[in-house]
Amino acid sequence: MPGGTPVIEADAVVVGAGPAGAAFALNLAPSRRVLLVDRRDAPAVRIGESLAPAARRLLADMGLWEDFLAQGHAPCHGGRSVWGGPEPVEADGLRDPDGPGWHLDRARFEGWLRGVASARGAALLVPAQPRGVAREEDGWRLNLAYKGRLLPVRARLLVDAGGRASPLARGMGARRQTGDRLVCGWLHGRDAAGRQSGLTHIEADPDGWWYTAPLPGNRRVLAFHTDADLPAATDARDRGALMRRASERAFLSGILSGSGFAPEGEAGFCAAHSSALDPPAGEGWLAVGDAALGFDPLSSQGLFNALYTGLAAAEAADRHLAGDGTALADYRAGIASIRDAYRAHLRAWYGLERRWAERAFWSRRHGADMTAP
Ligand SMILES: Cc1cc2nc3c(=O)[nH]c(=O)nc-3n(C[C@H](O)[C@H](O)[C@H](O)COP(=O)(O)OP(=O)(O)OC[C@H]3O[C@@H](n4cnc5c(N)ncnc54)[C@H](O)[C@@H]3O)c2cc1C
């Protein structure tokens, strides 16, 4: 511990200010001392923009619905999928009691959540990372590396909101279980035609699957998913190869040319597999969002889960800090039931596509040991 530097006291230190960490912080900060840290000083440009309609209820519960509407994200009126057969099937959102889903400007959404957490009293420290985490009898001691200094911190509870790598929990001996090798190659670009349908399009491919969705400001995302060890993964890393592959899919190519899609920049590439942290909470710590459960993007539930677990964990943390010895175990049980429901849905959805059952990507997902961890 550096001599002379005053120790920062916090009830909860949250590592990761993405959607889950910010949701946790903004819900706990009104009643507890919350320190929210992130290694990035601002949200990165990244993939993951479709917010499920049911998020409306969560945002309302958090007192954020009106403010969310004022952020100018684009409504998603439904989806069209070419999945399990050669013809597209449409599911419009008109019958959803929660109204439309959303195509987010992701960086704006994350920046807004961080801002709400600060406005509700959380201390936001960026760019900062934890170092030297050690257990004390009733809490934790750690340092935060911040602007070339080490800031000593004492905390009663630690929260891993660091995404798929679970950076804190792994150091505590929790293990990350993975169910498959799904990866994603993606492009952002402009819709030059300036006409947007408000629909997400999903289309199966012999070696994986695609989606494309309009984004606010006449922009669009195009994404291809396959397994990291298949030859198609090479295409997923390359802008030209992605566009060539997309042109072979009958309906996808029509949407891209109809919208005048013009990709910008190089292809992004990232892990997209199902994974789960075991356990997702322990003595004096818990994990939220992707740090607890990483979802296949086919589910389109990652952001919803980040907000939901952020809220549920804040409630559990408040009980834990008030001396309730069962709060973290209850939270763990809640994560286990989300994981079971997710597993069943994912199996059913992949099971609907049988046209390329002999291809590695699909046969792996039809087997008994299918995919979710
Ligand atoms: C290809 C793909 C497409 C997706 N599409 C969708 C979609 O359309 N809809 C949807 O709902 N979900 C989607 N998701 C999932 C969604 O993006 C995630 O579920 C969501 O980002 C989880 O939020 P989080 O806050 O848990 O983690 P993250 O968003 O990963 O945030 C983690 C934060 O922790 C910080 N951090 C990490 N390590 C440290 C450290 N050591 N110290 C300090 N800070 C650290 C990071 O900088 C980051 O800000 C998609 C995911 C993928 C891979």
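This is a predicted model: local features need pLDDT of at least 70, side-chain atom pairs count only at pLDDT 80 or more; totals for chains, interfaces and linings use all residues.
## A first look

How many of the 373 residues of the protein count as buried? The share is 46%.

## Overall build

Welcome to the fold itself. The protein contains 11 helices and 21 strands. Its radius of gyration is 21 Å, close to the 21 Å given by the globule rule for 373 residues, so the protein is as compact as a globular protein of that length. If you draw a box along the principal axes, the C-alpha atoms fill roughly 65 × 45 × 40 Å.

The chain also brings together residues that are separated in sequence. Taking contacts between residues at least 6 apart in sequence, 71% join residues at least 24 apart.

## Around the ligand

Now for the ligand and its surroundings. There are 36 residues around the ligand, and those that come nearest are Gly18, Gly48, Gly163, Gly289 and Gly302. Sorted by class, the shell consists of 19 nonpolar, 12 polar and 5 charged residues.

## Where the shell comes from

Which helices and strands supply at least two residues each of the shell around the ligand? They are helix H1 (19-28), strand E3 (50-51) and helix H9 (302-321). H9 gives the most, with 4 residues.

The shell can also be traced to domains. Domain 1 (8-49 + 104-179 + 274-341) provides at least three of the shell residues, and domain 2 (182-271) likewise provides at least three.

Key:
Residues are numbered from 1 along each chain as its sequence is written. A residue is near a molecule or strand if its C-beta atom, placed from the backbone, lies within 6 Å of it. Ala, Val, Leu, Ile, Met, Phe, Trp, Tyr, Cys and Pro count as nonpolar, Asp, Glu, Lys and Arg as charged, and the others, Gly among them, as polar. Domain bounds come from an automatic or database domain assignment. The radius of gyration is taken over C-alpha atoms; the globule rule is 2.2 Å times the number of residues to the power 0.38. A residue is buried if 20 or more other C-beta atoms lie within 10 Å of its own, exposed if 12 or fewer, and partly exposed in between; C-beta atoms are placed from the backbone. Two residues are in contact if their C-beta atoms, placed from the backbone, lie within 7 Å.
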